[in-house]
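Please examine the sequence and the structure shown below. This report then describes a pocket, a surface patch and several salt bridges.

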Amino acid sequence: MNLRRLFSIVVKEFRQLRRDRLTFAMIVGIPTMQLVLFGYAINMDIRHLDAAVLDQARTAQSREIVAALAQTEVMDFHYRLRTPQELDDLLRAGKISAALVIPPDFERRLAELAQPQGGAGAVPRPPLQIVVDGSDQVVQQAARQLSALPLAALYDPSAGQPVGNVEIVNFYNPERRAPVNTVPGLIGVILTMTMVLFTAMAIVRERERGNLEFLIATPVSPTELTVGKVLPFIGIGLIQVTVVLLLGVAIFRVPINGSLLDVYGAALAFIIASLSLGVFLSTLARTQFQAMQMAFFTFLPQILLSGFMFPFAGMPSPAQWLAEIFPMTHFMRLIRGIMLRAATLADLWRELAALGLFCVVVLGIAILRTRKRLD
């Protein structure tokens, strides 16, 4: 081995990397992004869950309980309800993740805790009930956190453990099976990884192989070229959705409580949004390797900030604002709401509108950047 020739090759590679600005940016950008996301944005402590209060007792002591729970900052009470039906409607629409329910006989249940009656081993009825949205696995983690709060000391100073004094009711996934939460979310993960990557690389491949030269000689407009490249992948995406749904139902017994038409409607909106992102990335990349790099660069923040793996409510406000830009965040709310909470697209119209806006803006920019020129 000739060290001089070896050194020449090493110098040549460094010079090539220096000229490839995208690769150099990835070398610095990916570890920086991971450090910021995991160290700053990703927080396993659940805080500020959107919540409601159904105070059927309406006593001074029940109001003290509500105020004490609000001070823990685990739940933010945005709604004051009067009927259980209002609670069901808010949960189904995804406007709240949890609710504190205080029964009408709250005072009597407190008395039963202080002086238990009945036979040996009789268990007093819990005076408080916390209802959580079990369609989100992260909120289920919050349920365990909420059950450990020292609320019992407010009405039973002698209680050593609050467990048994606070009842946790898990809606939409009473068995707390992990696949019920993860399988719908995996639809978004799979579509994100495939649709963005396939589209970005397919369009760049046309340029690398010289096929774009043939398109230059045709009367095809940039809009027709862009949409024509996208349409075949919509069918591929719908096939992937069907495969995941069939396997999820057959193997993991994941329920589809909502309309199957709504499931495919939400998936179609997300597929178009992901393809729009892929087309946009293809206008920035010059090679398939660059397209792959940029696609990967969008995967990480979408998966980490969408609420699929980590609690969305525990993220700081800047991270939440960034997450609202990505289509996967809105699709997670859509697919879990439809499949597990039996919500409709009308109930979740805000998420659908966000995906539509993303498609219009990103695809519009991509079309404007598309030119039938080799340079």
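Helices (H or I, at least four residues) and strands (E, at least two) are DSSP runs, numbered from the N terminus. Residues are numbered from 1 along each chain as its sequence is written. The model is predicted, and local features need pLDDT of at least 70, side-chain atom pairs count only at pLDDT 80 or more, and totals for chains, interfaces and linings use all residues, while side-chain values use heavy atoms, with hydrogens and water left out.

**The largest pocket**

Helix α14 gives the most to the lining of the largest pocket, namely six residues. On a 1 Å grid over the protein atoms alone, a pocket is an open set of points where a 1.4 Å probe fits, with protein on both sides within 12 Å along at least five of seven lines, and lining residues have an atom within 4 Å of a point. The lining comprises 42 residues, and D50, G94, S97, F312 and R333 lie nearest the centre. Elements that give two or more residues to this lining include β1 (49–55), β2 (75–81) and α14 (327–341). By type, the lining residues divide into 16 nonpolar, 13 polar and 13 charged. Here Ala, Val, Leu, Ile, Met, Phe, Trp, Tyr, Cys and Pro count as nonpolar, Asp, Glu, Lys and Arg as charged, and the others, Gly among them, as polar.

**Salt bridges**

A salt bridge is a side-chain nitrogen of Lys or Arg within 4 Å of a carboxyl oxygen of Asp or Glu. A search of the whole structure finds seven salt bridges, including those in the table.

| Pair | Closest N to O distance |
|---|---|
| D89 and R92 | 2.9 Å |
| R333 and E351 | 3.3 Å |

R333, in helix α14, and E351, in helix α15, are 18 residues apart, and the pair links distant parts of the chain. Buried means under 20% relative accessible area, exposed over 50%, and partly exposed in between (1.4 Å probe, protein chains only). R333 counts as partly exposed because its relative accessibility is 27%, whereas E351, at 15%, counts as buried.

D89 and R92 are three residues apart in helix α4 (residues 84–92), so about one helical turn separates them. D89 is partly exposed at 31%, and R92 is partly exposed at 28%.

D105 is buried, with 15% relative accessibility, but R108 is exposed, with 52%. A network of salt bridges links D105, R108 and R109.
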